[in-house]
Amino acid sequence: MNQKSGTYHSGFITIVGRPNVGKSSLMNRMIGEKIAIVSNRPQTTRSRIMGVLTRDNHQIVFLDTPGIHDPRSRLGEYMMHSVREAMEGMDAVLVILDVTHITANDLEIAREMKEKKVPAVLALNKIDLVTPEDVLAANAKAAEIGYEEIVPVSAKTGNGVEELIACLEKHLPAGPQYFPEDMITDQPERILCAEIIREKTLRHLRDEVPHGIGVEIIKIETLSDRLTEINATVYCERDAHKGIIIGKHGSMLQTIGTEARADIEKLLDTHVNLKLWVKIRPDWRNNKSDLKNLGYDS
Ligand SMILES: Nc1nc2c(ncn2[C@@H]2O[C@H](COP(=O)(O)OP(=O)(O)OP(=O)(O)O)[C@@H](O)[C@H]2O)c(=O)[nH]1
Ligand SMILES: [Mg+2]
């Protein structure tokens, strides 16, 4: 095993799966920090997000990706492009299935990943929600399509996560420590803040509203050691959506702002003055320059 050889091992492991299976939750759990936002809605992650796990003898660079789906907008196409790009040059692929709900689509993705020229490990996530018999049945399905390394896990409880890391570590080639040990992601502060705000909109808004939301940080200004001012615009696609996001007497925007501020304060370790505006950008998900402004360009 790598550990015993004394040589440093490192590599890039891309995390793939259909939307909502828990890719981002699991990456956060493996890294031990919340880097990627999480929600119970499909298509939460829109770009590839790097998460770095550094241990004594190895470094795993995880690339969390958007859930694989048929794109219906330019944004969707960008998302699928991000998945393909994240697989270029990877050393191993981690396929995630949601053990509560394995679809034909999941199996197709898993099969496709098995054909890549790198080792493929499969994680059966959300085992906290099912019985051991269900896990065995899911395991059999994955084994049937040729997986030898199948690890049951729960991103929620942490169960099985160390076993998964140990399994992935075996596939790391000898290599350098790519990133400093205190670096856990390559996401700039501005993007992390925008994503936190988007997470709160995903949490509180229903139906099609959250899918049409984009967040742009207009300004981050350090006012003192203890206070940062952040101005952000929340874009939506329709007038009706704007009303919903603002809420009665501004109550919804207030809730989103309060929750986002608390998380951003933890991230930046300062007090934060957060000001949010809501603007309408019809069909921004198909507009090249809007996508670029929101960071979704390739
Ligand atoms: N009970 C339980 N829920 C989980 C677990 N892992 C993730 N979830 C939930 O599943 C939902 C989806 O999680 P995400 O991590 O956003 O899933 P994802 O695969 O990154 O989704 P996309 O970014 O949309 O592709 C969220 O509501 C999570 O809280 C788990 O192990 N157990
Ligand atoms: Mg995600």
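Reader: What makes Ile244, Ile245 and Ile246 in H8 and their partners in H9 a contact?

Author: In this predicted model, those three isoleucines meet Ser251, Met252, Leu253 and Ile256 of H9.

Reader: At what angle do H8 and H9 pack?

Author: About 65°, and their axes are 4 Å apart. Angles here run from 0 to 180 degrees between N-to-C directions, so that value takes the sense of each helix into account.

Reader: OK, on to the sheet with S7, S8 and S9. Why are S7 and S9 said to stand at the edges?

Author: The order is S7-S8-S9, in an open sheet with mixed pairing. Strand S7 (214-224) and strand S9 (271-280) each have a single partner strand, so one side of each has no neighbour in the sheet. From one strand to the next, the twist averages 15°.

Reader: How do you know that S7 and S8 pair?

Author: Two strands pair if there are at least two bridges between them. S7 and strand S8 (residues 227-236) have nine, in the antiparallel sense, so they pass that test. As one example, isoleucine 217 has alanine 232 in S8 as its bridge partner.

Reader: Which strands does helix H8 touch when it packs on that sheet?

Author: H8 (residues 239-246) touches S8 and S9, and its direction makes about 155° with that of S9. H9 (residues 251-268) also touches S8 and S9, with about 135° between its direction and that of S9.

Reader: What about the sheet of six strands: why do S2 and S6 stand at its edges?

Author: This one is open too, with mixed pairing and the order S2-S3-S1-S4-S5-S6.

Reader: In what sense do S1 and S4 pair, and over how many bridges?

Author: Strand S1 (residues 9-16) and strand S4 (residues 92-98) run parallel over four bridges, and at least two are needed to call it a pair. Threonine 14 stands opposite valine 93 in S4.

Helix H2 packs on this sheet, touching S1, S2, S3, S4 and S5, with about 30° between its direction and that of S2. Helix H4 (residues 104-114) packs there as well, touching S1, S4 and S5, and its direction makes about 165° with that of S4.

Reader: Which helix gives the most to the shell around ligand 1?

Author: H2 (residues 23-31), with three residues. There are 23 residues around the ligand, and Lys23, Ser25, Gln43, Thr44 and Asp128 come nearest. By class, the shell has six nonpolar, 12 polar and five charged residues.

Reader: What makes the approach of glycine 22 to ligand 1 a polar contact?

Author: A polar backbone atom of glycine 22 is 2.9 Å from an oxygen atom of the ligand. The limit for N or O pairs is 3.5 Å, so that one counts. For glutamine 43, again through a polar backbone atom, the distance is 2.7 Å. Serine 154 has a side-chain N or O atom 3.4 Å from a ligand oxygen. The protein covers 88% of the 650 Å² of accessible area that ligand 1 has on its own.

Definitions and conventions: Residues are numbered from 1 along each chain as its sequence is written. Chains are lettered from A and ligands numbered from 1 in the order in which they are written. This is a predicted model: local features need pLDDT of at least 70, side-chain atom pairs count only at pLDDT 80 or more; totals for chains, interfaces and linings use all residues. Side-chain values use heavy atoms; hydrogens and water are left out. A residue is near a molecule or strand if one of its heavy atoms lies within 4 Å of it. A polar contact is a pair of N or O atoms within 3.5 Å; within protein, one must be able to donate a hydrogen and the other to accept it, and residues adjacent in sequence count only if both atoms are side-chain atoms. Accessible areas come from the Shrake-Rupley method with a 1.4 Å probe; for residues, only the protein chains shown count as cover. Helices (H or I, at least four residues) and strands (E, at least two) are DSSP runs, numbered from the N terminus. Ala, Val, Leu, Ile, Met, Phe, Trp, Tyr, Cys and Pro count as nonpolar, Asp, Glu, Lys and Arg as charged, and the others, Gly among them, as polar. Contact means heavy atoms within 4.5 Å.
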